[in-house]
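Reader: I want to learn to read strands and helices in a model. Can you take me through some cases?

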Amino acid sequence: MTSMASTLGRYRSPKKPLSSLLTRVTFIILFVILFALFSMGLVRLYALGEYAVAIVCLIIGLSASYVTLNKRLVAWRFLYPALLLIFLMMLFPIVYSVAIGFTNYSSKNLLTYERVVNYHLEQTYAEKKQRFKFQLYQADNQYQITLNDGSGLWLQTPLLTLNQPLDKATEAGPKRAIPLAVISAAPSGEPLAMRDVIKLKAQLKMLTLTRDNEPDLMMYGFREFLPLLRRYEIKQPDNLPMAERPNEFLYDNQDKRYLQADFNNGFYTYLNDAGEMTEKTLSPGFVTHVGWKNYHTIFAMDEDRKNLAKVALWTVSFALLTVLMQFSLGMLLASLLNWHRVKGQRIFRTLLLIPFAVPAFISIMIFRAMFNSEFGDVNALLEFLFGMRFEWYFNPWLAKLQVLLVNLWLGFPYFMLLAMGMLKSIPSDLYEAANMDGAGTWYKFRFITLPMIIKPLTPLLIMSFTFNFNNFLVIALLTRGGPRMDDATVLIGETQLLINYIYDLANGSVLGYQAYGLASALSGFLFLVIASISLWQFWLTREKSPRSELQEH
């Protein structure tokens with residue numbers, strides 16, 4: 001035995017220190033390269049002012065490195081990607097939306113304060129007191145511009161190329177600064193005709209003609225170049241206290257008025273002679289923290305907020321009625337298909353599953369055409385049978401009925417399938433005992449069938465309510481939120497759900513501009529509602545201990 005052990009020990013696989021060393025060196029090199037690229041990305045984000053994104057990326061990078069390099073966290077290496085996806089796809093959007101809800105972020109207030117200041121300081125206006133008539137000369141494929149102010153001053157550009165590529169949508173191209181030189185008299189030669197100048201108008205508007213210690217010139221109309229002056233400059237009013245923040249005051253050189261940054265609304269606002277803010281603002285605005293203002297706007301009970309309360313009431317009613325109708329019809333059909341006297345159960349079961357098999361998008365578009373007031377099949381059938389037609393898309397109550405009926409068609413097969421499966425699990429002995437006692441159909445359904453299936457169905461009913469609470473698709477495709485509420489000053493529809501109203505706020509249909517902050521605040525409120533319903537569902541479906549069950553009994 002000793003000799004055999006020594007022989008086996010002699011033939012053990014040799015260690016490969018060189019291979020192991022190369023693997024470690026390769027891993028270290030790759031790690032250093034990734035770390036360098038990651039650091040460059042963080043520096044770039046910091047330079048762009050995206051501090052929140054940079055902090056999040058830094059946390060993710062550090063945690064990933066710690067999990068990867070720590071030998072004691074081998075199991076977490078498989079869990080970390082899933083947790084990271086949960087954070088990025090669920091938690092981060094929720095936190096970001098809540099944060100946006102406390103700002104005035106909108107299509108009117110997109111930029112930061114610093115960028116808005118720089119934008120205003122770059123604005124110019126044309127000084128029309130001094131005008132320069134221009135003529136355009138061509139030499140082969142190059143052009144030359146000659147200017148004359150009418151008092152004997154002649155200016156001329158060098159030969160330049162005007163066939164620069166332009167954007168087809170905006171007819172704009174890269175800005176070009178061209179120096180001007182003083183000449184003694186008008187050049188010889190024939191200038192281009194006006195029709196040729198018009199053809200080159202887009203290229204000429206991209207030119208800025210520069211002069212020494214004089215305002216630049218830009219094209220104005222078809223025949224002139226005018227001096228450009230800075231419209232806004234940073235200037236402190238004499239009759240107001242010193243600014244608390246940098247660049248808080250601007251002076252409009254064209255209108256000769258002062259402006260002050262209003263950090264409550266996110267705009268530069270014009271001041272009157274007394275130094276008080278007026279209602280006139282300067283666009284674009286800047287993003288600023290507004291606290292609970294968006295939530296106060298949502299819950300303040302003026303006329304539009306009352307209409308929003310109607311939307312919230314209809315949202316809850318729609319979800320409740322939808323679940324009740326879908327469950328009732330699904331339960332009724334499942335009971336009928338479970339009845340032994342019904343023949344051809346498989347055929348009926350297959351036919352009743354068609355609404356569940358057809359994509360909801362297709363079904364909703366077909367129903368939209370069928371409910372058309374002029375050419376729809378529903379009105380044609382009603383007119384043939386009863387001699388009446390309905391305005392399905394203009395009457396609020398008919399529009400809501402239409403939405404409920406279409407959603408009933410889309411959802412009842414789901415509850416029918418659930419009920420059919422649960423009915424099969426009910427012991428037949430209970431029904432036999434009820435028959436011996438002379439119980440009727442309603443008695444058996446009320447005291448046997450319903451109690452046996454309602455408890456396992458409760459979480460699914462709550463889930464269906466939550467889904468229909470945010471059922472964006474059926475409203476967006478069928479009625480598009482209409483008809484509009486008559487007493488609303490903004491665009492609010494009678495059949496809109498809260499999720500549709502949030503979408504319209506964000507895309508600008510309600511207020512005329514994209515109110516992202518207000519939409520995010522309403523989304524945060526809606527998230528609290530849905531989260532509360534989900535917690536209630538978890539509480540209903542919690543697993544009870546034997547001791548708690550004994551205490552209940």
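Author: Start with strand 13, residues 267-271: 5 of its 5 residues are buried, so under 20% relative accessible area with a 1.4 Å probe, protein chains only. Strands here are DSSP runs of E, at least two residues, and helices are runs of H or I, at least four, numbered from the N terminus. This is a predicted model: local features need pLDDT of at least 70, side-chain atom pairs pLDDT 80 or more, while totals for chains, interfaces and linings use all residues. Residues are numbered from 1 along each chain as its sequence is written, and side-chain values use heavy atoms, without hydrogens and water.

Reader: Which strands pair with strand 13?

Author: Two strands pair if DSSP finds at least two bridges between them. Strand 12 (residues 257-262) is antiparallel to strand 13, over 4 bridges. There, Q260 is bridged to T269. Strand 14 (residues 277-282) also runs antiparallel to strand 13, with 3 bridges. Y268 faces L282 in that strand.

Reader: Which residues take a positive phi in the two hairpins?

Author: G266, near 85 degrees, in the hairpin of strands 12 and 13, with 4 residues between the strands. In the hairpin of strands 13 and 14, with 5 residues between, G275 has a positive phi near 85 degrees.

Reader: How do I check the length of helix 14?

Author: Multiply 1.5 Å by one less than the number of residues. Helix 14 has 29 residues (396-424), so it should span 42 Å; its end C-alpha atoms are 42 Å apart, which agrees.

Reader: Where does helix 14 kink?

Author: At G411, by about 40 degrees, shortly before P413. The bend is the angle between axes fitted to the seven residues ending there and the seven starting there.

Conventions
Buried < 20%, exposed > 50% of the residue type's maximum accessible area, 1.4 Å probe, protein only.
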